[in-house]
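Hi,

Here is the structure I promised to pass on.

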Amino acid sequence: MSKKFFAKIKFFFSELNISNNRMNKLPEELNQLRQLISLDFSYNCFLNFPGIVYTLPKLESINAQKNYIADVDADRLKNLSCLKMTNLLENPLSLRSLQWMSTITAFIVLTTPRDGHDDE
């Protein structure tokens with residue numbers, strides 16, 4: 001996705017679905033989508049929760065299912081005041097991230113429980 005693309009559409013998008021694209025990072029220009037309320041980057045190859053997501057003030061829904069994300073900053077997620085749901089199912093979240101996610105009460109967080117045999 002080019003910078004020109006984002007410059008043209010930044011005021012129009014409220015939903016963005018980029019699932020199933022073998023992506024491992026989001027373009028920095030995504031932060032120009034100030035009206036974005038729903039972001040779906042499920043079924044990709046993200047190793048880290050994209051930091052750019054924390055800069056999208058109107059996000060209500062994040063679908064990050066089935067990536068390879070181990071760590072998510074719960075405090076930064078909590079700062080997204082419009083957020084209602086975050087789907088982190090089928091990600092190998094660290095024990096620490098799972099614990100942080102369990103402290104969130106302002107919105108729904110979906111996670112896959114660890115099997116209890118992993119050492120941290």
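Below is what turned up, starting with the sheet.

A quick word on the ground rules: this is a predicted model, where local features need pLDDT of at least 70, side-chain atom pairs count only at pLDDT 80 or more, and totals for chains, interfaces and linings use all residues. Residues are numbered from 1 along each chain as its sequence is written, and side-chain values use heavy atoms, leaving out hydrogens and water.

The sheet is open and has five strands, in the order β1-β2-β3-β4-β5, with parallel pairing. Strands here are DSSP runs of E with at least two residues, helices are runs of H or I with at least four, and both are numbered from the N terminus. Two strands pair if DSSP finds at least two bridges between them. The edges belong to β1 (15–17) and β5, each with a single partner strand, so one side of each has no neighbour in the sheet. β4 (residues 85–87) pairs with β5 in the parallel sense over three bridges, and asparagine 87 sits opposite leucine 110 in β5.

Now for helix α3 (residues 95–102): Ser97, Leu98 and Met101 are buried there (under 20% relative accessible area; exposed is over 50%, partly exposed in between, with a 1.4 Å probe and protein chains only). They span an arc of only 100 degrees around the axis, which puts them on the same side of α3; the arc is taken from the directions from the helix axis to the C-beta atoms. Their cover includes α2 (74–78) and β5 (108–110), with contact meaning heavy atoms within 4.5 Å.

Cheers
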